[in-house]
Amino acid sequence: MIGKKEDMSPKNILLTGATGFIGKRLLYRLDEKGYRVRCLVRPSESLDLKIPLRHEPEIIYGDLLDPASLPKALEGMDVAYYLVHSMGGRSIRQTLAFEEKDRQAAENFRRAADLAGLPRMIYLGGLGDITDKLSHHLASRQEVGRILQAGKVQTTILRAAVIVGAGGAAFEIVRYLVERLPVLLCPKWVYTESQPIAIDNVLSYLSGCLEAQETTGRSFDIGGPQIVSYADLMRMYARVRGLKRSIVGVPMVPMKLSAYWVNMLTPVPAGVVLPLAEGLRNKAICRENEIREIIPIRLLNMEAAICDALAEEAQGPGKLLSQQACFLPEDLK
Ligand SMILES: NC(=O)c1ccc[n+]([C@@H]2O[C@H](COP(=O)([O-])OP(=O)(O)OC[C@H]3O[C@@H](n4cnc5c(N)ncnc54)[C@H](OP(=O)(O)O)[C@@H]3O)[C@@H](O)[C@H]2O)c1
């Protein structure tokens, strides 16, 4: 049961990032709950929905880097989800441009949302302690949060570490590396502690915020029930898949070299791998757990989250030609 529910009468919801890993899943979750959603999709893309929704979503073509395309998308909306980042591209030059693009996109959106009189916004950013020297990616995620909260719109910020789910960039890196390599030679940053969370739990928090009024205008850390290193996550993946794997720490591997190596072994582009890999140096652990009181849900352990992701991969086209059997013991499900 989620505390203090608002009236479920039609809310006009704008979903940015609707074609992405989290955005598309959130669209299904909101649709299941009976909400009607307007999706902002870039003109170069299309929203490919393999399983039909209950209610056909409204599609508006626009780009956060094109301010002229935003007023139409925001017109008449009560809440907007901000699930956009600009990492990507196959070259380092494209990679380095993401911070400026993300700053511009957030400023454009805040300005347009203020002008449209949008009442509420919900943004999903990244965990990471600002007293730590944050990576470019994590610092940029926090900057976006500050830009959005500086406007007139009441903005809720959820901050997460790695999200475990089929198609999530960080999870796919773990999956491909463990599937393909019997011995994983890893730089020391794979031993950094983090608090990953299952995609299903993230969707419950994102949609729960819509209904829990007390989350309006506030920031919350969201994390799973375990604090683990990335090496632990790889071991858990191997265990769930019944694979025998060794993780061997190697000192002094340059970050760019590891990113290119990961890029060669996985379908994740260098433009995403490099900023994510750089961020693995930063601890990503919840500073507080207040959201657990406001939106009480059952937090999935990482073994169960990996198993769910594998089950989903097995149903889809999946680029990895391995049999996605899951060896998770019953007591861990
Ligand atoms: N995945 C994780 O493990 C994780 C962990 C913590 C936090 N988060 C946060 O969750 C949010 C969503 O991440 P994700 O994993 O879903 O990323 P994703 O799968 O890469 O999706 C990114 C989305 O942003 C859209 N986008 C990019 N630039 C845009 C622009 N200029 N205008 C409009 N849309 C644009 C993309 O649209 P196109 O299809 O047109 O490219 C895509 O829909 C981000 O804020 C991220 O920091 C993710």
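Student: Which residues make the nonpolar surface patch of about 230 Å²?
Tutor: Val183, Leu185 and Val248 make that patch in this predicted model, where patches take residues with over 30% relative accessible area and no salt bridge, joining nonpolar side chains (Val, Leu, Ile, Met, Phe, Trp, Tyr) within 5 Å and like charges within 9 Å. A salt bridge here is a side-chain nitrogen of Lys or Arg within 4 Å of a carboxyl oxygen of Asp or Glu, and accessible areas come from the Shrake-Rupley method with a 1.4 Å probe, only the protein chains shown counting as cover for residues.

Student: And where is Leu185?
Tutor: Leu185 sits in strand E8, residues 183-186, strands (E, at least two residues) and helices (H or I, at least four) being DSSP runs numbered from the N terminus.

Student: Switching to the ligand, which residues come nearest?
Tutor: Of the 19 residues around the ligand, those are Thr19, Phe21, Asp63, Leu124 and Arg141, a residue being counted if one of its heavy atoms lies within 4 Å.

Student: What does Leu124 put 2.8 Å from an oxygen atom of the ligand?
Tutor: Leu124 places a backbone N or O atom there, while Thr19 brings a polar side-chain atom to 2.5 Å from a ligand oxygen.

Student: How much of the ligand does the protein bury?
Tutor: The protein buries 84% of the 910 Å² that the ligand exposes when taken alone.

Student: Anything on numbering and confidence?
Tutor: Residues are numbered from 1 along each chain as its sequence is written. Local features need pLDDT of at least 70 and side-chain atom pairs 80 or more, totals for chains, interfaces and linings use all residues, and side-chain values use heavy atoms, leaving out hydrogens and water.

Definitions and conventions. Polar contact = N/O pair within 3.5 Å; in protein donor to acceptor, adjacent residues only side chain to side chain.
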